[in-house]
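Good morning. Please bring up the model on your screens and keep the sequence beside it.

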There are 2 protein chains.
Amino acid sequence: MVIMTRTDPPRDVIRVAVSTVIFSLRRDRPGAPASVVLPLVRRTRNPHEGLWALPGGWLDATEQLETAASRTLAETTGLAPSYLEQLYAFGDVGRSSDRVVSIVYWALLREGAQLPEDAENVAWFDAAHLPPLAFDHNHIVEYALWRLRNKVGYSRIAHGLLPDLFTLADLREVYEAILDRDLDPANFRRQVENSGTLIPTDRFRTGSHRPARLYRYNQDVELAERGPLRDPSPTRHQKAAS
Amino acid sequence: MVIMTRTDPPRDVIRVAVSTVIFSLRRDRPGAPASVVLPLVRRTRNPHEGLWALPGGWLDATEQLETAASRTLAETTGLAPSYLEQLYAFGDVGRSSDRVVSIVYWALLREGAQLPEDAENVAWFDAAHLPPLAFDHNHIVEYALWRLRNKVGYSRIAHGLLPDLFTLADLREVYEAILDRDLDPANFRRQVENSGTLIPTDRFRTGSHRPARLYRYNQDVELAERGPLRDPSPTRHQKAAS
């Protein structure tokens, strides 16, 4: 039998936290190249008081993981993305003075997402130029960026950063921001048109340049991995059973 | 102040467990189609005594997540895969009577992996024909299978189930087992040869059929996502700094 207070957990207790990485795009001025940015929250207490950290907090014992991610995100930044995807569980022994396993979620927000006007201690940061963050949060952001770059090659995840209608130049700029490198416009157009994931519309964007056709993405395709979806064609086991 | 015993955690405590899904291939007889199989462990205590479950156990507060996965796997099945990859954190409120967040790892083992001869309460099961498992483990296996099927399309993960040298028919059989459907041999050969991920050797497998060339996979390519790897070409930020 041991005697302890609720606020002083025993040394063999493992605590579970949730954090969220939200990527969006920002440009310094209209027409400038877009950069990948994310919101960070300044810590107002120790450990790491004064350092910036990912939005997050403790998991409540009666709360679903994703609910906890949405709740702590809303409490700290006022942001409410339309969906959150689980990224990874970070649980290294030395990442905090207590033993904390952080279940990290991530989301994409379209360019121009705003923080609430009265938001304190929260700001957007360029993902490629972060200051030293609290805990292992630099490492977590690096991992999230790696996943984003990796995923942009085989999924339609870039569309999560775009409005409903966009030009091929808009789409290329998203790829360039994510991959942090310039892409050849003609090659890019050819690859995207061959992929069959975009639907051309009859609308054009006009302005100082020649009119550019607006596209939308095919709503039938997955935006990102969201769960165990099935291929609709029958499996060998299903065929054998029928 | 509350008084409690160490074996009776308070209601607001969240416990952290690790489990591992290990996929391998089996055939009922030589030459028969291969099936995806995984090892399960029969529970010898409540809850769910007598039901089969994924190998796993509690995370120790001083133990890394992956170390805990390897340790509990070795303790329950005697298996030691060359690498484990984190799959997902399952933490639904109702998945156990206590609140348990399970960090699930997965691994692939080549066809023919053996359980120790003295292994008790552990056996291989066909992933497509599982009995009702303990907790939410059917759901976890479904998710792992979905990830495997999804990933086989854009990574070289199938090679984790193959020996060093293999024929194109061997590789196709792995794809057929994972995708649970028959593939056209000529189409498959063309796609694989165009992918550039295989290196033909000068060796052939001979036997009752005409000799079949043996291939090995390109060791320079990633077997699976194993961490934040960088594209070796310079980024725009690196270019601007140089």
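This is a predicted model: local features need pLDDT of at least 70, side-chain atom pairs count only at pLDDT 80 or more; totals for chains, interfaces and linings use all residues.

Start with two helices in chain A. Helix 3 covers residues 168-179 and helix 4 covers residues 185-195. Their axes are 10 Å apart, and the angle between them is about 100°. Angles from 65 to 115 degrees count as roughly perpendicular, so helix 3 of chain A is roughly perpendicular to helix 4 of chain A.

Which residues make the contact between these two helices? From helix 3 of chain A, they are Leu168(A), Leu171(A), Arg172(A) and Tyr175(A). Helix 4 of chain A brings Pro185(A), Phe188(A), Arg189(A), Val192(A) and Glu193(A). Sorted by class, the contact has 6 nonpolar residues and 3 charged ones, with no polar residues. As background for reading such a list, an α-helix has 3.6 residues a turn, so residues three or four places apart point the same way.

Next, the backbone. The general rule is that most residues other than glycine have a negative phi, and most peptide bonds are trans. Here are some exceptions.

In chain A, the peptide bond from Asn46(A) to Pro47(A) is cis, and its omega is near 0°. Where is Pro47(A) found? Pro47(A) lies in the loop between strand 3 (35-42) and strand 4 (52-53) of chain A. Chain B has a cis peptide bond between Asn46(B) and Pro47(B), with omega about 0°. Pro47(B) is in the loop between strand 3 (35-42) and strand 4 (52-53) of chain B.

Then there is Phe135(A), which is not a glycine but has a positive phi of about 50°. Phe135(A) sits in the loop between strand 8 (122-126) and helix 2 (137-151) of chain A. Phe135(B) is in the loop between strand 8 (122-126) and helix 2 (137-151) of chain B, and at a relative accessible area of 25% Phe135(B) is partly exposed.

Now to helix 3 of chain B, residues 168-179. At 1.5 Å a residue, its 12 residues should span 16 Å, and the end C-alpha atoms are 16 Å apart, which agrees. Of those 12 residues, 10 are buried, so helix 3 of chain B is largely enclosed by the rest of the structure. Among the buried residues are Leu168(B), Leu171(B), Val174(B) and Ile178(B), but also Asp170(B), Arg172(B) and Glu176(B). Just after helix 3 of chain B comes Asp180(B), with a positive phi of about 60°.

What does Thr167(B) touch, leaving aside residues up to four places away in sequence? The answer is Arg205(B), Ala212(B), Arg213(B) and Leu214(B).

Last, the hairpin in chain A. Strand 9 (residues 198-205) and strand 10 (residues 212-217) of chain A run antiparallel and are joined by 5 bridges. Leu198(A) stands opposite Tyr217(A) in strand 10 of chain A. Between the two strands of this hairpin there are 6 residues.

That is the end of my part. Thank you.

Technical notes
Residues are numbered from 1 along each chain as its sequence is written. Chains are lettered from A and ligands numbered from 1 in the order in which they are written. Side-chain values use heavy atoms; hydrogens and water are left out. Axes are lines fitted to C-alpha atoms, for helices over the stretch in contact, and angles run from 0 to 180 degrees between N-to-C directions. Helices (H or I, at least four residues) and strands (E, at least two) are DSSP runs, numbered from the N terminus. Angles under 35 degrees count as roughly parallel, over 145 as roughly antiparallel, 65 to 115 as roughly perpendicular and the rest as oblique. Contact means heavy atoms within 4.5 Å. Ala, Val, Leu, Ile, Met, Phe, Trp, Tyr, Cys and Pro count as nonpolar, Asp, Glu, Lys and Arg as charged, and the others, Gly among them, as polar. Buried means under 20% relative accessible area, exposed over 50%, partly exposed in between (1.4 Å probe, protein chains only). The expected span of a helix is 1.5 Å times one less than its number of residues. Two strands pair if DSSP finds at least two bridges between them.
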